[in-house]
Amino acid sequence: MARLTTSAGFLNEQMSEYSKRLISTLPESLCVCFFLNSGSEANDLAIRLARAYTKHEDIICLDSAYHGNLGNLIEISPSRFKKLGNTHQKKDWVHVAPTPNTYRGKFHSETANPGLMYAKELRSQIVQARQSGREIAAFICEPVMTAGGMVVYPEKYLQFAYRFVRENGGVCIADEVQSAFGRCGEHFWGFQTQDVVPDIVTVGKPIGNGYPFAAVITTKEVADSMGEFSSTFGGNPVACAMGMAVLEVIDNEKLMSSAKSVGKCLIDSFRGIMPQHPMMGEVRGMGMMLGIELVMDKQSRKPAKEAAEILSYRMKENKIIIANDGPEKNVMIMTPPMCFTLDNARRVVQVFDQALRDIENDAASVGLTSNSESSGVTATMGVPLHVITESNLTRASDEEDEEDDPGAKRARYEEMD
């Protein structure tokens with residue numbers, strides 16, 4: 001940062017070296033990089049590339065998807081535009097296919113070849129669009145859906161879906177903003193878990209470890225259709241140096257292998273406590289991507305949204321941050337930092353086990369079941385709102401107090417200098 005940062009217009013050594021390193025992790029056909037500043041910018045550019053290449057406008061997305069907060073991306077993020085209610089109408093160029101959720105969707109894990117069945121639902125959207133005189137430019141989806149409730153797709157779903165899209169003139173976009181860079185454990189990229197090769201890949205959050213940096217990687221043919229492109233700070237020397245450092249740490253510290261082993265510990269441990277918890281409907285995920293769906297009971301599978309909200313507060317009281325997300329906000333989402341350890345994993349499961357047991361006991365004590373007329377768990381159990389007010393938070397250690405002291409920080413920085 002002290003050496004040089006520039007705006008657009010200058011190809012620099014860091015950009016060139018980083019592009020080579022990034023491309024080396026991808027299939028050979030994905031060989032052209034565009035650099036930007038955020039995942040939303042990357043997904044927006046991917047849509048523009050698809051439209052420029054196919055000369056079509058229409059986009060297919062999944063019904064629980066979220067792809068960013070820019071205007072065009074809200075339009076293809078049903079999890080967001082549905083919340084706008086009657087004030088927002090789905091655009092004619094947007095086509096929504098069902099999320100291939102084998103726990104709560106149309107086709108369950110017991111269905112014969114659920115991947116193909118869900119892909120046929122997507123093909124039906126393409127057929128309907130073409131019958132109304134519209135043509136598909138692209139299908140965009142996350143290889144593992146995070147905001148939609150951490151949905152792991154059934155086997156071969158993307159293979160069939162990509163084939164149907166390409167047969168009808170569209171291209172396939174993998175939104176890897178959440179799943180890239182070894183987080184899935186088995187593979188460096190999420191799309192590799194489904195044994196497919198997309199036409200366009202987008203990545204944001206992981207690429208700079210928090211520094212504003214994102215990328216779109218595509219084929220030469222798709223890239224050439226775009227014409228001129230520029231991003232004021234995308235690919236500046238500092239961003240590319242950050243990106244290179246991230247790749248080096250992932251490689252040197254074997255973080256992909258760690259994601260696999262620690263992630264397996266998390267998933268196996270949560271599945272191990274499921275029989276003791278009537279509210280744990282399903283545990284799903286891969287690597288450092290995990291979702292636990294909470295239900296009022298395992299027979300009805302009624303979403304336990306309020307219990308999930310309370311659980312997130314109880315976990316926070318124990319210094320563990322876990323979000324509740326998904327269409328019904330009843331899925332506990334965990335995407336720990338890649339440096340997460342086995343001891344961290346065991347601690348999370350231990351606290352989760354006790355906190356959920358307390359919630360279940362409170363619910364049982366008042367006879368709260370899936371058939372209750374009560375509007376939810378919060379009707380009988382108060383949310384501990386004090387955990388979100390700083391004045392009432394207790395410090396975990398004296399070390400935290402020191403961290404908040406400006407004098408201590410200043411002294412530490414002076415020592416570093």
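Helix α9 (residues 255-273) lies across β8, β9 and β11 (331-334), and its direction is about 170° to that of β8. Contact here means heavy atoms within 4.5 Å; axes are lines fitted to C-alpha atoms, for helices over the stretch in contact, with angles from 0 to 180 degrees between N-to-C directions. Helices (H or I, at least four residues) and strands (E, at least two) are DSSP runs numbered from the N terminus.

The model is predicted: local features need pLDDT of at least 70, side-chain atom pairs count only at pLDDT 80 or more, and totals for chains, interfaces and linings use all residues. Residues are numbered from 1 along each chain as its sequence is written, and side-chain values use heavy atoms, without hydrogens and water.

The sheet is open, with 4 strands in the order β8-β9-β11-β10 and antiparallel pairing; two strands pair if DSSP finds at least two bridges between them. Because β8 and β10 each have a single partner strand, one side of each has no neighbour in the sheet. On average, neighbouring strands are turned by 25° against each other, direction ignored. β8 and β9 pair over 6 bridges, with Val-283 opposite Ile-292.

| Element | Residues |
|---|---|
| β8 | 280-286 |
| β9 | 289-294 |
| β10 | 323-325 |
| β11 | 331-334 |

Just after α8, Lys-254 has a positive phi of about 50°.
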